[in-house]
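Please keep the sequence and the structure in view while reading.

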Amino acid sequence: MTAPGTTWPDLAGRLVEGGARHLLPVRVYFEDTDFSGLVYHATYLRWIERGRSDFLRLKGVHHSALIAGEGGLPAAFVVRRMSLDYLKPARIDDVLEIETRVAKVTKATMELIQTVRKDGADLFRASVLVVLVSTQGKPRRLPAAILEAFGDT
């Protein structure tokens, strides 16, 4: 049991290589699979979303703070484009690793490369382009704090 006011440091995965990469462990549960016993294709999208969110969190960028407008206008990251490669299937009870790294940061976008692995073998790869938008849906430039956090990764 965790004492009040404490957190599980590994709940959000961990940063490696000086913060250039994020690793998030995931176990495959029955709910993640389809009738064949293999991981359902859309499940990978949920997992990589968690990887992106926890990568941001551990780099000091919190979705709740963005949407609350801390440091500027209320905003949120949205996916602009995804390219997905399903390489090998994952199965129930597998323990997987979701890797997230930044490929490119501009003043308005961030491109991330995400890989799902089992025992070092790539099962799934995604290239994800995200943009920051206002709560009215208008594109925004990335704030200096985000450029600072991810510009050198």
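## A buried aspartate

Asp54 is buried, because its relative accessible area is 10% and buried means under 20%. The model is a predicted one. Asp54 belongs to helix α1. When neighbours within four places in sequence are set aside, Asp54 is in contact with Leu11, Ala12, His22 and Leu24.

## Helix α1

Helix α1 covers residues 41–58, which makes 18 residues.

Asp54 is one of several buried residues in α1; among the others are Thr43, Tyr44, Trp47, Ile48, Phe55 and Leu56. Just after this helix, Gly60 adopts a positive phi of about 90°.

## The largest nonpolar core

In soluble globular proteins, nonpolar side chains tend to be buried together. Here, the largest nonpolar core contains 30 residues, and Trp47, Phe77, Met110, Ile146 and Phe150 are those that touch the most other members. At least two residues of this core come from each of β2 (21–27), α1, β3 (75–86), β4 (95–105), β5 (109–118), β6 (121–134) and α3. Strand β6 gives the most, with 6 residues.

Not counting residues up to four places away in sequence, Phe150 touches Phe55, Leu56, Lys59, Val61, Val102, Val105 and Met110.

## Val131 in strand β6

Val131 is placed in strand β6. With a relative accessible area of 14%, Val131 is buried, because the cut-off for that term is under 20%.

Residues up to four places away in sequence being left out, Val131 touches Ala76, Phe77, Val78, Arg80, Ala108 and Thr109. Val131 and Thr100 are separated by 31 residues in sequence, and their C-alpha atoms lie 16 Å apart in space.

## The largest pocket

The largest pocket has a volume of about 230 Å³. Its lining consists of 15 residues, and Leu66, Glu70, Pro143, Ala145 and Ile146 lie nearest the centre of the pocket. Helices α2 (63–68) and α3 (144–150) each supply at least two residues of this lining.

Which classes of residue form the lining of the largest pocket? There are 9 nonpolar, 4 polar and 2 charged residues.

Note on methods: Residues numbered from 1 in each chain as written. Predicted model: local features only at pLDDT ≥ 70, side-chain atom pairs only at ≥ 80, totals over all residues. Heavy atoms only, no water. Helix = DSSP H or I, 4+ residues; strand = E, 2+ residues; numbered from the N terminus. Expected span 1.5 Å × (residues − 1). Buried < 20%, exposed > 50% of the residue type's maximum accessible area, 1.4 Å probe, protein only. 1 Å grid on protein atoms, 1.4 Å probe; cavity = no way out; pocket = protein on both sides within 12 Å on 5 of 7 lines; lining within 4 Å. Points joined across faces, edges and corners; volume = space filled by probe spheres on them. Nonpolar A, V, L, I, M, F, W, Y, C, P; charged D, E, K, R; others polar. Core = buried A, V, L, I, M, F, W, Y, C linked by side-chain atoms within 4.5 Å. Contact = heavy atoms within 4.5 Å.
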